[in-house]
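Hello,

Here is the structure I said I would pass on. My notes on how its parts are arranged follow below.

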Amino acid sequence: MTTTTVDARALAGHYIALWNEPDAARRAELLRSHWCEDAAYADPLAAVRGHEQISALVGAVQERYPGFRFALVGTPDAHGEHLRFSWTLGPQEARDLIQGTDFADLQGGRLRRVTGFLDKVPEGA
């Protein structure tokens, strides 16, 4: 197995930046910089593959939750080609309305596959 030294906090920060980026062109840049070309993302509500589908999913989440922002919680952790981090999503006055934990497989220090788990979701969210 090939391992890469990964700055877990930086990579998780780039991931969060993608989910907070409203501009599709800037999201495309973030995807090119930090995600493998054939990257995949899955959570209990969606499963997508490739930069275009990931960007479209991010845009759809932003439309569903206008004014909400993602933020890292705790300290991201990495070993080998694996990354784990937790996040919150909510408006300014309730930043932790929705909470989750994501696990990522990396390739060359870039996100290859992300699997998201929803730890806290209010009814009707």
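Two strands pair if DSSP finds at least two bridges between them; strands (E, at least two residues) and helices (H or I, at least four) are DSSP runs, numbered from the N terminus. This is a predicted model, in which local features need pLDDT of at least 70 and side-chain atom pairs count only at pLDDT 80 or more, while totals for chains, interfaces and linings use all residues. Residues are numbered from 1 along each chain as its sequence is written, and side-chain values use heavy atoms, with hydrogens and water left out.

The sheet: 6 strands form an open sheet with mixed pairing, in the order β2-β1-β6-β5-β4-β3. Its edge strands, β2 (46–49) and β3 (69–79), each pair on one side only. Strands β5 (residues 98–107) and β6 (residues 110–120) run antiparallel and are joined by 9 bridges. Phenylalanine 103 has threonine 115 in β6 as its bridge partner.

Helices on the sheet: α1 (residues 8–20) packs there, touching β1 (35–43), β3, β4 (82–90), β5 and β6, where contact means heavy atoms within 4.5 Å. Helix α3 also packs on the sheet and touches β1, β2 and β3.

The helix pair: the axes of α2 (residues 24–34) and α3 (residues 51–64) come within 10 Å and cross at roughly 130 degrees. Axes are lines fitted to C-alpha atoms, for helices over the stretch in contact, and angles run from 0 to 180 degrees between N-to-C directions. Ala24, Arg27, Leu31 and Arg32 in α2 meet residues of α3, among them His51, Ile54 and Val58.

Regards
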